[in-house]
Amino acid sequence: MMYYPTFDRLFDDFFDTQWSGGDVMKTDIVEKDGNIQFNMEVPGVNKDNIQIELNDGVLNITASRDQNHDEKDDHGQLIRQERHYGRYSRSFYVGNNVKQEDVKAHFENGELQITVPDKQAAIENHETISIE
């Protein structure tokens with residue numbers, strides 16, 4: 001029986017995170033000092049290629065990374081590409097009471113930190129409603 005390693009790699013590549021984008025923009029969300037803090041990995045992305053928008057209580061973060069066209073062999077062909085290129089986005093509901101001026105962002109060493117006041121917690125009213 002012949003062994004074909006290329007065939008095995010076909011399945012490895014198919015189920016690789018390259019197809020799902022699972023390794024892009026991983027986010028930790030922390031509640032701290034009356035704020036919600038989003039710590040997001042965006043490796044290989046320049047600060048100028050990140051957009052943050054707040055629309056109807058939804059925080060939208062979009063990042064893009066351009067392909068480096070210099071990574072080809074002597075004949076101008078790319079042998080294998082494992083790095084992600086393109087446009088990625090994540091969205092988080094932060095509440096309708098959050099204003100754009102309340103959102104703070106900091107980017108350093110491939111990590112984006114966004115801080116939003118937890119205004120949902122401040123307006124919650126725990127009154128019971130009677131059932132008729």
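## The nonpolar core

The largest nonpolar core of this predicted model has 19 residues, and those with the most contacts inside it are Met25, Val42, Leu59, Ile61, Ile114 and Val116. A nonpolar core is a set of buried Ala, Val, Leu, Ile, Met, Phe, Trp, Tyr and Cys residues joined through side-chain atoms within 4.5 Å. Buried stands for a relative accessible area under 20%, exposed for over 50%, and partly exposed for what lies in between, with a 1.4 Å probe and protein chains only. At least two residues of this core come from each of strand 2 (35-41), strand 3 (50-55), strand 4, strand 5 (86-93) and strand 7.

Val116 is in contact (heavy atoms within 4.5 Å) with Asn35, Ile36, Phe38, Leu59, Val94, Val98 and Val103, leaving aside its neighbours within four places in sequence.

## Basis of the model

Residues are numbered from 1 along each chain as its sequence is written, and side-chain values use heavy atoms, with hydrogens and water left out. As the model is predicted, local features need pLDDT of at least 70 and side-chain atom pairs count only at pLDDT 80 or more, while totals for chains, interfaces and linings use all residues.

## Overall make-up

The protein has three helices and seven strands. Both kinds of element are DSSP runs numbered from the N terminus: helices are H or I with at least four residues, and strands are E with at least two. Read from the N terminus on, the order of elements is α-α-β-β-β-β-β-β-β-α.

Of the 132 residues of the protein, 24% count as buried. The accessible surface comes to about 10400 Å², and 47% of it belongs to carbon and sulfur atoms; the areas come from the Shrake-Rupley method with a 1.4 Å probe, and for residues only the protein chains shown count as cover. Among contacts between residues at least 6 apart in sequence, 55% join residues at least 24 apart.

Four strands form an open sheet in the order 1-2-7-6, with antiparallel pairing. Two strands pair if DSSP finds at least two bridges between them. Strand 1 (27-32) and strand 6 (104-108) are the edge strands, each pairing on one side only. From one strand to the next the twist averages 15°; axes are lines fitted to C-alpha atoms, for helices over the stretch in contact, and angles run from 0 to 180 degrees between N-to-C directions.

Strand 6 and strand 7 (residues 111-117) pair in the antiparallel sense over five bridges. In strand 7, Gln113 is the bridge partner of His106, and Leu112 stands opposite Phe107.

## Asn35 in strand 2

Asn35 has its place in strand 2 and is partly exposed, with a relative accessible area of 25%. Not counting residues up to four places away in sequence, Asn35 touches Val30, Thr115, Val116, Pro117 and Asp118. Asn35 and Thr115 are 80 residues apart along the chain, yet their C-alpha atoms are separated by 6.5 Å.

## Two loop residues with positive phi

Asp33 lies in the loop between strand 1 and strand 2. This residue has a positive phi of about 50° although it is not a glycine. At 70% relative accessibility, Asp33 counts as exposed.

Asn109 lies in the loop between strand 6 and strand 7. The hairpin of these two strands has two residues between the strands, and Asn109 takes a positive phi near 50° there, although Asn109 is not a glycine. With a relative accessibility of 77%, Asn109 counts as exposed.

Another open sheet is formed by three strands in the order 3-4-5, and the pairing is antiparallel. Strand 3 and strand 5 stand at the edges with a single partner strand each, so one side of each is left without a neighbour in the sheet. The twist averages 15° from one strand to the next.

Six bridges join strand 3 and strand 4 in the antiparallel sense. Asn55 stands opposite Val58 in strand 4.

## Asn60 in strand 4

Asn60 is placed in strand 4 (residues 58-65). Residues up to four places away in sequence aside, Asn60 touches Gln51, Ile52, Glu53, Asn55, Arg90 and Ser91.

The side chains of Asn60 and Ser91 are joined by a polar contact of 2.6 Å. A polar contact is a pair of N or O atoms within 3.5 Å; within protein, one must be able to donate a hydrogen and the other to accept it, and residues adjacent in sequence count only if both atoms are side-chain atoms.
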